[in-house]
Amino acid sequence: MSEQVAAEQASTAPVSAQVGGRGVLLVPHRAPGVDKGALPPEYQRIPAVVQQAAGPVMTRQVGEALGLNAGGRGALEPLRGKLTKLADRGRLRKLPGGKFTARL
């Protein structure tokens with residue numbers, strides 16, 4: 001029984017890869033049995049902020065809620081990339097106007 005539990009945990013664990021000689025943690029696709037605990041900590045906070053919002057949110061609103069410095073030009077581009085990656089993996093929904101909402 002413990003072997004089966006260990007095998008299930010290993011299959012849902014985050015996958016890491018080598019990019020440029022560095023270990024990089026990949027964001028898993030949304031699937032049954034893969035919860036948000038499989039996301040890296042910096043990615044876990046983003047869907048929580050989007051879910052707490054009353055409606056669709058822009059990248060700047062998410063950045064402000066996370067306490068990021070949104071003053072400089074291009075300062076929010078890394079966050080926009082994370083939001084887009086979460087949307088591509090089925091964890092958020094990206095609307096045509098560039099806003100994001102939580103998946104139901």
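## Helices α3 and α4

Helices α3 and α4 are roughly perpendicular to each other, because an angle between 65 and 115 degrees counts as such and theirs is about 105 degrees. Their axes lie 10 Å apart. The model described here is predicted.

On the α3 side, the contact is formed by Thr59, Val62, Gly63 and Leu66, and on the α4 side by Leu79, Arg80 and Leu83. By type, the residues of this contact comprise 4 nonpolar, 2 polar and 1 charged.

## The two faces of α3

Helix α3 spans residues 59-66, and its buried residues include Thr59, Val62, Gly63 and Leu66. These four residues lie on the same side of α3, because they cover an arc of only 100 degrees around the axis.

The face turned away from the buried side carries Glu64 and Ala65, which are exposed. The cover over the buried residues of α3 includes α2 (41-52), α4 (77-88) and β4 (100-102). After α3 comes Gly67, with a positive phi near 80 degrees.

## Helices α2 and α4

Helix α4 also packs against α2, at an angle of about 80 degrees and with the axes 11 Å apart. This pair of helices, α2 and α4, is therefore roughly perpendicular as well. The residues of the contact of α2 with α4 divide into 7 nonpolar and 3 charged, with no polar residue among them.

From α2, the residues Glu42, Tyr43, Ile46, Pro47 and Val50 take part; they meet Leu79, Lys82, Leu83, Lys85 and Leu86 of α4.

## The nonpolar core

The largest nonpolar core of the model has 16 residues. Within this core, the residues with the most contacts are Ile46, Val62, Leu79, Leu83 and Leu92. Helices α2, α3 and α4 are the elements that give two or more residues to the core.

Leu83 illustrates how these parts come together. When neighbours within four places in sequence are left aside, Leu83 is in contact with Ile46, Val50, Thr59, Val62, Leu92 and Phe100.

Methods. Residues numbered from 1 in each chain as written. Predicted model: local features only at pLDDT ≥ 70, side-chain atom pairs only at ≥ 80, totals over all residues. Heavy atoms only, no water. Buried < 20%, exposed > 50% of the residue type's maximum accessible area, 1.4 Å probe, protein only. Arc of directions from axis to C-beta. Contact = heavy atoms within 4.5 Å. Core = buried A, V, L, I, M, F, W, Y, C linked by side-chain atoms within 4.5 Å. Axes fitted to C-alpha atoms, helices over the stretch in contact; angles between N-to-C directions. Parallel < 35°, antiparallel > 145°, perpendicular 65-115°, else oblique. Nonpolar A, V, L, I, M, F, W, Y, C, P; charged D, E, K, R; others polar.
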